[in-house]
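The entries below follow the order in which I looked things up.

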Amino acid sequence: MEDKEKTIEHSLDIEALAPRGRRQKWRCQVPSNVFLLSHISERNPWIPGRDNVRPKPEVRSQKEAYLEEVAKEYVTESDYVWNLLFGVPLVHGEDGRKRACPDALRNLEKTRLFRANDYPYDLHPSTTHSVLWYSYAPPELNSESITTHVEAELTTVLNHSDFEFVWYENPKMSISGVYHVQVFWRLL
């Protein structure tokens, strides 16, 4: 293991994240660092590790092609997401492309939307990949509130609590203008 990896690994008490006891479930934020994720994934293969924090090549190609089409019609991918997920009205820019109406964005109600990831990562078969999108962002959100939101959303969607999940904020968001977190969950 390289020195950098050792330093990163020891910078967080990974064991402190793990649930305790037979009845405990994973329901928390995990680090987005691939070395730390891999360490967690070794004992919990449903949690993504270094080799599965990106979509399969064919899914990645579909995503890239789709975003190219979005770029032709919208000023940014974020403008598209604001409209698609949160219903923010659009205005036309000078180049004819659409963008989210600035006044509507300023007056947007604080809300969130939990949905399947359209371009899921290459994950363990028991893992489902979702995204929790927000109309607001930190500092109004923190790890505890996001964990509570994920748990509430999954309980609502599944109509039970026999699941566990982890989430993280992707440090390389492809759509950085709309705050969102990656959620990985499985049924128990």
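**Charge pairs**

I began with Arg97, which counts as partly exposed at 24% relative accessibility. The model is a predicted one. I found Arg97 in a salt bridge with Asp95, with the closest N and O atoms 2.7 Å apart. In total I have nine salt bridges by this rule.

I next looked up Arg115, partly exposed at a relative accessible area of 27%. Its side chain meets that of Asp118 in a salt bridge, at 3.3 Å from N to O.

I then took the pair Arg186 and Glu164, whose closest N and O atoms are 2.6 Å apart in a salt bridge. This pair links distant parts of the chain, since Arg186 is in strand β7 and Glu164 in strand β6, 22 residues apart. I noted Arg186 as partly exposed at 24%.

**Nonpolar cores**

The largest nonpolar core has 16 residues, of which Ile146, Val150, Phe165 and Val183 touch the most other members. I listed β5, α7, β6 and β7 as the elements that give two or more residues to this core. Apart from it I found another core, of 15 residues, including Tyr80 and Val131.

**Helix α5**

I checked residues 77-86, helix α5, and found seven of the ten buried. Among them are Tyr80, Trp82 and Phe86. What covers the buried residues of α5 includes α4, β2 and α6. Just after α5, I noted a positive phi of about 70° at Gly87.

Definitions and conventions:
Residues are numbered from 1 along each chain as its sequence is written. This is a predicted model: local features need pLDDT of at least 70, side-chain atom pairs count only at pLDDT 80 or more; totals for chains, interfaces and linings use all residues. Side-chain values use heavy atoms; hydrogens and water are left out. Buried means under 20% relative accessible area, exposed over 50%, partly exposed in between (1.4 Å probe, protein chains only). Helices (H or I, at least four residues) and strands (E, at least two) are DSSP runs, numbered from the N terminus. Contact means heavy atoms within 4.5 Å. A nonpolar core is a set of buried Ala, Val, Leu, Ile, Met, Phe, Trp, Tyr and Cys residues joined through side-chain atoms within 4.5 Å. A salt bridge is a side-chain nitrogen of Lys or Arg within 4 Å of a carboxyl oxygen of Asp or Glu.
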